[in-house]
Amino acid sequence: MKSLTVYAVYKKLKAINERKAADLDKIPCKHLRIAAEIVAPSLTQIFNKTISTSVFPTDWKLARVTPIFKKGKKDDMNNYRPISVISVVAKIFEKFTFEQLYEYLNNNNLIFASQSGFRSLHSTLTALIEATDNWSINIDKGLLNGVIFIDLKKAFDTIDHTILLRKLRIYGVDENGIKFFESYISNRSQRCCVNGELSETAKITCGVPQGSNLGPLLFLNIHNDLPNCLDRASPRMFADDTNIAS
C-alpha cells in the first residue's frame, strides 16, 4: 500500500457522515469531523505505521453487533439481521485500502465485466439490464432461456480466510499486502448489544467484516472468477446474488 498524506486524511475526516453511530470506542463522528484539522496529523502517522508494518490494530477489530428483526417468528434467531458497527477511525483507514485495492484490480482488468457488485457505475439495475437484454436477444433468435438464480445465505459470514488470501495472492497482491489482509481478517471479535446491554466478547473465525468499507471488496474477490468455471453460460453477479443463463 502507498503511504498517506495528512491532507488526504483530513479530507476523509471532513467527509464523515455525522449521523453514523459511534462504535464501542464511543468516539462521535461529529467530533472527528469538527476536529479534523487537529487529529489528521496524528491519524496519518497511525495509518502509515499500519501500512509500513502490515499490522491492523487490534482495537479496530472489535465490533458492536445489534440484531434487527426481519420477519417470521421473533424467537428464531435466524430471523434477525446482524447490524455490525465498527470503529469510525478504522472505517476511514479502510476507505484508503479499498481505493488502492480497487484501483489495482481495475487497472489490471482482474474484475470480470459480469460483476456488478460493489463497483462504481454498476448496480442491480445494470446487472438486470444486461441479463434481460441477453434473454431478449435469445428470444428473438427463437431460442429458449435457461436461468439459475443463486442467493447465498449469510454470504459475508461464510468466507474462508485461507481461500481469500490465496485468491489475493493469485491476483498478484505482494507479500506485504497479503500480510496486511491476513492481519485485517484474523483475530476479529464482536459483542452483541440487546436492549442496551452488551454480551461477552466472542471471537470471529471466518467471514469478512460486515459494516466495513473493505469487507464488500474482499467478498467480491471470492466469486469474481465464477465465469472461469462456466463454458457457454453467461453469469450476472451482484454481491451474494447471481444468475447463470444459457
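Me: Is C206 buried, partly exposed or exposed in this predicted model?
Reply: In this predicted model, the relative accessible area of C206 is 34%. Buried would require under 20% and exposed over 50%. The value for C206 lies in between, so the residue is partly exposed.

Me: How many disulfides does the protein have?
Reply: A disulfide is a covalent bond between the sulfur atoms of two cysteines. To be counted here, the two sulfur atoms must lie within 2.5 Å. C192 is in no disulfide, as the nearest cysteine sulfur, that of C193, is 7.3 Å away. By this rule the number of disulfides is zero.

Me: Which cysteine has the sulfur nearest to that of C206, and how far away is it?
Reply: C206 takes part in no disulfide. C192, which is partly exposed at 30% relative accessibility, provides the nearest cysteine sulfur to C206. The distance from C206 to the sulfur of C192 is 17 Å.

Me: What distance separates the end C-alpha atoms of helix 5, and what span should its residues give?
Reply: Helix 5 covers residues 124-140, which is 17 residues. The expected span is 1.5 Å times one less than the number of residues, so helix 5 should span 24 Å. The distance between its end C-alpha atoms agrees with this, at 24 Å.

Me: Which residues of helix 5 are buried, and which are exposed on the other side?
Reply: The buried residues of helix 5 are A127, A131, W135 and N138. These residues cover an arc of only 55° around the axis, and therefore they are on the same side of helix 5. On the other side of the helix, the exposed residues are L125 and D140.

Me: Which residue with a positive phi follows helix 5?
Reply: Most residues other than glycine have a negative phi. The residue that follows helix 5 is a glycine, and its phi is positive, near 80°. This residue is G142.

Me: On which side or sides of helix 6 are its buried residues, and what do they pack against?
Reply: In helix 6 (residues 161-170), the buried residues are H161, L164, L165, K167 and L168. Their arc around the axis is only 160°, so they are on the same side of helix 6. T162 and I170 are exposed on the other side. The buried residues pack against helix 7 and helix 8.

Me: Which residues does R169 touch, apart from those up to four places away in sequence?
Reply: R169 belongs to helix 6. Its relative accessible area of 41% means that R169 is partly exposed. Leaving out residues up to four places away in sequence, R169 touches E175 and I178.

Me: Which residues are in contact with S183, leaving aside its neighbours within four places in sequence?
Reply: S183 is located in helix 7, which comprises residues 175-185. The residue has 12% relative accessibility, so S183 counts as buried. Apart from neighbours within four places in sequence, its contacts are S54, V55, F56 and K61.

Me: What is the phi of S54, and where is this residue found?
Reply: S54 is in the loop between helix 3 and strand 1. Because its relative accessibility is 4%, S54 counts as buried. Although S54 is not a glycine, its phi is positive, near 60°.

Me: Is N195 buried or exposed?
Reply: N195 lies in the loop between strand 4 and strand 5, and has a positive phi of about 55° although it is not a glycine. The relative accessible area of N195 is 77%. Since exposed means over 50%, N195 is exposed.

Me: In which sense does strand 1 run with strand 4, and in which sense with strand 2?
Reply: Strand 1 (residues 62-69) is joined to strand 4 (residues 188-194) by four bridges, and R64 stands opposite R191. Strand 1 also pairs with strand 2 (residues 80-85) over six bridges, where P67 has P82 as its bridge partner. Strand 1 and strand 4 run parallel, whereas strand 1 and strand 2 are antiparallel.

Me: What share of the residues of the protein counts as buried?
Reply: The protein has eight helices and eight strands, and its C-alpha trace spans about 65 × 45 × 35 Å along the principal axes. A residue counts as buried at under 20% relative accessible area. Of the 246 residues, the buried share is 38%.

Terms used:
Residues are numbered from 1 along each chain as its sequence is written. This is a predicted model: local features need pLDDT of at least 70, side-chain atom pairs count only at pLDDT 80 or more; totals for chains, interfaces and linings use all residues. Side-chain values use heavy atoms; hydrogens and water are left out. Helices (H or I, at least four residues) and strands (E, at least two) are DSSP runs, numbered from the N terminus. Buried means under 20% relative accessible area, exposed over 50%, partly exposed in between (1.4 Å probe, protein chains only). The arc is that of the directions from the helix axis to the C-beta atoms. Two strands pair if DSSP finds at least two bridges between them. Contact means heavy atoms within 4.5 Å.
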